[in-house]
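Subject: Structure handover

Hello,

Here is the structure we talked about. Please open it alongside this message and follow the notes below.

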Amino acid sequence: MTETPRPATLDSLTATAKQAASKGLPPVHLWNPDYCGEIDMRIASDGSWHYLGTPIGRPALVKLFSTILRKDPERYVLVTPVERVGIIVDDAPFIAVAMDRHEQNGMQRLEFRTNVDDHVVAGPDHPMRFAPDIKGGLKPYIHVRADLWAKVSRPVFYDLVALGEERMIDDKKMFGIASDGSFFPMIEADRLADL
């Protein structure tokens, strides 16, 4: 007779996450504990984390949980060496809240900081993508790690658009952004007014 895994509690996740994160970003991609079901945790589209319907007001706790977040094929999970629980993510798990522009070897490099203090440079290892917004316009995202993305906040998106340029891609004039030797098309240049 196999024992059914007991549901995780916030305290058990916190304790195990602290231990796992003590040496840097935990290797969540290597862990495959039993699935313990859903926990009442949600990441809202504005990047805020909620537990039992209440916002988690401690940034250090949110940052800690962000280190054990993983995207499995069927759901987002918080995973430790001993438990794996599903959570709800409304859009992207992170928000890019700041961007710095640097020049290196004559190339523009755009470094983004997320709401949980991840720092990534848009480029081959951290591509950007632009999805249509149901309200019109575009929703920009940057890859953070594994299959986890950050939605670019509206103020940062305005700064991004100001740095945009036009390039020919597959015989179409595209407006996009260059960073670290890569070009990420946003929209056809003749549709710029749609932004």
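Strand E7 (residues 94–104) and strand E8 pair in the antiparallel sense, over eight bridges. Bear in mind that this is a predicted model. Within that pairing, Ala 98 has Arg 113 of E8 as its bridge partner. E7 and E8 form a hairpin with two residues between the strands. There, Asn 105 takes a positive phi near 55°.

E8 (residues 107–114) also pairs with strand E9 (residues 119–121). That pairing is antiparallel too, over three bridges. Phe 112 has Val 120 of E9 as its bridge partner. This hairpin has four residues between its strands. Asp 117, in the turn, has a positive phi of about 65°.

Which residues make up the covered face of E8, and which the uncovered one? Gln 108, Leu 110, Phe 112 and Thr 114 are on the covered face. Met 107, Arg 109, Glu 111 and Arg 113 are on the uncovered face. In a regular strand, side chains alternate between the two faces of the sheet.

Next, the six-stranded sheet. It is open, with mixed pairing, and its order is E3-E2-E1-E6-E5-E4. Strand E3 (54–55) and strand E4 (69–71) stand at the edges. Each has a single partner strand, so one side of each is left without a neighbour in the sheet. E4 runs antiparallel to strand E5 (residues 76–79), joined by three bridges. Leu 69 stands opposite Leu 78 in E5. Helix H2 (residues 59–66) packs on this sheet. H2 touches strand E1 (35–43), strand E2 (49–51), E4 and E5. The direction of H2 makes about 95° with that of E2.

Now the three-stranded sheet. It is open and antiparallel, in the order E13-E14-E15. Strand E13 (165–169) and strand E15 (182–188) are its edges. Each has a single partner strand, so one side of each lacks a neighbour in the sheet. Neighbouring strands here are turned by 50° against each other on average, direction ignored. Strand E14 (residues 172–179) and E15 pair over six antiparallel bridges. Phe 175 stands opposite Ile 187 in E15.

E15 also holds Pro 185. Is Pro 185 buried, partly exposed or exposed? Its relative accessibility is 33%, so Pro 185 counts as partly exposed. Leaving aside neighbours within four places in sequence, Pro 185 is in contact with Phe 130, Met 174, Phe 175 and Gly 176. The C-alpha atoms of Pro 185 and Arg 167 are separated by 8.4 Å, with the two residues 18 apart along the chain.

Helix H3 (residues 154–162) has two sides to look at. Its buried residues are Val 156, Phe 157 and Leu 160. They cover an arc of only 105° around the axis, which puts them on the same side of H3. Pro 155, Tyr 158 and Ala 162 are exposed on the other side.

A word on rings and charges. The structure holds zero aromatic pairs. The charged end of Arg 75 sits over the ring of Tyr 35, 4.3 Å from its centre. The charged end of Arg 129 sits over the ring of Trp 149, 4.6 Å from its centre.

Finally, the overall numbers. The protein has three helices and 15 strands. Of its 195 residues, 47% count as buried. Among contacts between residues at least 6 apart in sequence, 52% join residues at least 24 apart.

Best wishes

Note on methods: Residues numbered from 1 in each chain as written. Predicted model: local features only at pLDDT ≥ 70, side-chain atom pairs only at ≥ 80, totals over all residues. Heavy atoms only, no water. Pairing = 2+ DSSP bridges. Contact = heavy atoms within 4.5 Å. Axes fitted to C-alpha atoms, helices over the stretch in contact; angles between N-to-C directions. Buried < 20%, exposed > 50% of the residue type's maximum accessible area, 1.4 Å probe, protein only. Arc of directions from axis to C-beta. Phe/Tyr/Trp six-rings, centres within 6.5 Å; stacked < 30°, edge-to-face > 60°. Lys NZ or Arg CZ within 6 Å of the ring centre and 35° of its normal.
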